Amino acid sequence: MRRFFYLASLARKSAWNRRGTLALVVLCIALSTLLLLGIERIRGQIRENFVQAVSGVDLVAGARGDSIQLMLYAVFHLGGATNNIGWESARRIAAHRDVAWTIPLSLGDSHKGHPVVATLPDFFDRYRFRAGERVEFTEGRAFDALFDVVIGAEVARKLGYRLGSPLVLSHGGGETLLAEHGDKPFAVTGILAPTGTPVDRALYISLAAMEAIHLDWQGGAPIPGFQVRADQVGKFDLTPKSITALFVGLKSRSRVFALQREIGAWKEEALMGVMPGVAMDRLWRMLDTGERALLLVSALVTLTGLAGLASAILAGLGERRRELAILRSAGARPLDILFLLACEGVLLVFAGIAAGLVCLTLLLLGIGPMLASRYGIVLYFSWPGREEWLLLGGIVAAGFLTSLIPAWRAYRISLSDGLTLST
Amino acid sequence: MTSSSAAFAVALRDVRFSWPGQSRPVLDIADLSIRPGERVFLSGPSGSGKSTLLGLIAGILRPDCGTIAVNGTALHAMSASARDRFRGAEIGFIFQQFNLVPYLSMIENVLIPCHLSPRRQARARQRASTLRDAAAHLLERLELAPALWERPVTRLSTGQQQRVAAARALIGAPPLLIADEPSSALDADRRDVFLKLLLNECALAGSSLLFVSHDVGLAGAFSTALRLDDLNAAEQGETV
């Protein structure tokens with residue numbers, strides 16, 4: 001045992017002696033580690049942000065169709081519009097004995113490419129993301145007056161809006177100037193804190209406001225010769241006729257399957273209930289291949305680093321044959337030589353991993369707050385998780401195996417050289 | 001093991017050795033005996049199989065047939081790793097040049113055998129309170145000043161390096177010292193100083209010395225002078 005400690009100390013001194021050459025190898029391994037762990041950590045965070053973009057919602061009810069499409073549209077405001085569901089159905093679901101609360105969502109309009117979500121002020125109290133975190137206001141409050149709008153953090157940052165800023169919504173995706181609701185401008189009453197969810201990119205108005213700006217519209221265009229001025233809308237019934245989707249919270253989660261079946265079997269209207277977690281997981285698995293490719297690339301980078309390690313040690317062996325013969329003459333076995341060289345390789349791998357972890361930590365501490373405040377992506381400084389330990393273990397194992405290449409070469413050299421140096 | 005071989009520091013009987021894949025032996029030695037404490041000068045032209053013979057005595061190589069005993073231990077019957085262990089414990093080795101591990105200090109170079117062989121370490125401790133002291137005594141007697149001890153060994157002169165190598169071979173008083181042309185890289189003055197110091201220390205440690213050199217002028221300082229050509233019955237490549 002003491003012999004192995006001695007050989008390990010020799011390996012350390014030998015590596016230190018050639019630190020100029022080996023520093024580059026260590027740097028390579030450090031960068032590989034940084035890349036591998038960094039990507040894994042960001043991947044995990046993005047996954048968490050994605051899958052938990054909405055939490056605490058037991059069911060999302062919408063028109064019958066593709067569940068993924070409904071989730072993409074209702075939660076991420078992406079993709080094509082799904083069919084609407086009637087207000088009457090929404091009210092009946094809300095009145096169901098198992099249902100604790102509902103939040104209706106109505107989509108379709110936009111503002112400079114950002115989706116506009118019409119909902120109830122309850123939305124800001126009920127909406128949860130990640131591990132039950134709430135939406136916070138950095139400034140202002142929820143919409144109250146008819147033409148109030150609450151904007152997400154990214155909208156505020158990108159467009160430079162502050163409280164009271166006036167803005168005009170576009171009909172649909174806002175592709176043409178004609179389709180603007182220019183006669184009914186909104187004013188910002190609240191700005192939300194960054195969440196790292198689609199909330200950051202959206203604008204929120206009341207359902208009544210959505211109704212109001214479309215009073216004089218039909219089929220995606222203003223009705224010719226008919227205009228309702230902003231000060232006249234109060235005279236109309238602003239109850240929505242239909243909505244896009246309904247977030248449903250249950251009194252007891254165990255009733256979720258029963259309600260899902262019940263909604264699916266609705267006779268009056270073709271509806272469906274989607275469990276967000278299940279749909280998000282399905283969605284994530286579709287997107288995850290790209291992430292996995294990234295991980296594969298960084299694994300290849302790691303292999304490149306390790307190949308550099310093997311070649312650096314191999315290249316040094318030629319001038320170390322003397323040293324190996326000296327150790328042999330003093331009683332070292334060929335297996336000791338093997339151990340010495342393998343030890344040196346593993347030592348370099350550990351040094352590289354340590355340097356990589358330090359870099360990662362500094363990076364997280366350095367850019368973490370910026371990421372959190374601008375994008376709501378919270379990259380915690382934390383000890384490596386299970387997956388990350390597996391990755392680190394993988395690097396060490398691969399490093400050990402790679403180190404065996406020069407170690408085996410040294411073993412052969414010490415067997416054939418013996419005490420003489422064949423020149 | 002016969003009682004006759006037990007009385008010798010080195011005893012080779014009817015040893016033949018050929019390199020793998022070659023039918024003709026490079027060494028064929030009927031009898032080579034070195035008595036305990038004897039100082040043997042072995043000479044021979046290059047290519048005569050000197051290094052091969054040293055490899056056999058040091059237990060690096062194994063003979064095709066015959067017996068090799070060092071201090072009464074039959075090397076030819078031992079496993080490779082047992083021979084390695086034996087070498088670490090019982091044999092000190094000095095090379096022609098480049099004897100030092102570049103990343104270790106002078107003291108650390110001297111102590112290498114003590115770390116690889118517990119028996120060597122135990123014997124070194126018998127003579128000094130610490131291993132470092134044991135190394136220091138040797139270095140002092142070999143006229144290497146303490147100021148040099150922690151300096152990088154790569155800055156030492158060849159003569160100094162060979163004396164460090166001698167200290168490493170001598171630490172823990174191995175019964176047999178093998179020196180393979182240890183003085184051929186030195187100029188005449190330094191060679192004489194080195195030889196004197198080495199012979200003194202061998203006498204102090206009670207070690208037998210097998211000194212290989214092509215410099216026949218040195219033979220006078222030894223109790224026995226042998227020529228490998230006289231010992232070796234194998235035909236040499238160039239004479240065929």
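View 1. Strand β1 (residues 59-63) and strand β16 (residues 245-250) of chain A pair in the antiparallel sense over four bridges; two strands count as paired if DSSP finds at least two bridges between them. Look for A:Val60, which stands opposite A:Phe247 in β16(A). This is a predicted model, in which local features need pLDDT of at least 70 and side-chain atom pairs count only at pLDDT 80 or more, while totals for chains, interfaces and linings use all residues. Residues are numbered from 1 along each chain as its sequence is written, and chains are lettered from A and ligands numbered from 1 in the order in which they are written. Helices (H or I, at least four residues) and strands (E, at least two) are DSSP runs, numbered from the N terminus.

**View 2. An open sheet of four strands in chain A has the order β3-β16-β1-β17, with antiparallel pairing.** At its edges are β3 (99-105) and β17 (271-274) of chain A, each pairing on one side only. From one strand to the next, the twist averages 25°; angles run from 0 to 180 degrees between N-to-C directions, and axes are lines fitted to C-alpha atoms, for helices over the stretch in contact. Helix α3 (residues 67-74) of chain A packs on this sheet and touches β1, β3, β16 and β17 of chain A. Residues are in contact if their C-beta atoms, placed from the backbone, lie within 7 Å.

**View 3. Helices α2 and α12 of chain A pack together.** What is the angle between α2 (residues 19-51) and α12 (residues 386-417) of chain A? The angle is about 160°, with the axes 10 Å apart. The two helices are therefore roughly antiparallel to each other, the word for angles over 145 degrees. Here A:Thr33, A:Leu36, A:Leu37 and A:Glu40 in α2(A) meet A:Glu387, A:Glu388, A:Leu391 and A:Ile395 in α12(A).

**View 4. Five strands of chain B form an open sheet in the order β6-β7-β8-β3-β9, with parallel pairing.** Strands β6 (91-94) and β9 (224-227) of chain B stand at the edges with a single partner strand each, so one side of each is left without a neighbour in the sheet. The partner shown here is β7 (residues 176-180) of chain B, which pairs with β6(B) in the parallel sense over four bridges. Within this pair, B:Ile94 stands opposite B:Ala179 in β7(B).

**View 5. Chain A meets chain B.** In this view, 17 residues of chain A are in contact with 24 residues of chain B. On the chain A side, α1 (2-17) and α10 (321-329) are the elements that give two or more residues.

Methods
Contact = placed C-beta atoms within 7 Å. Parallel < 35°, antiparallel > 145°, perpendicular 65-115°, else oblique.
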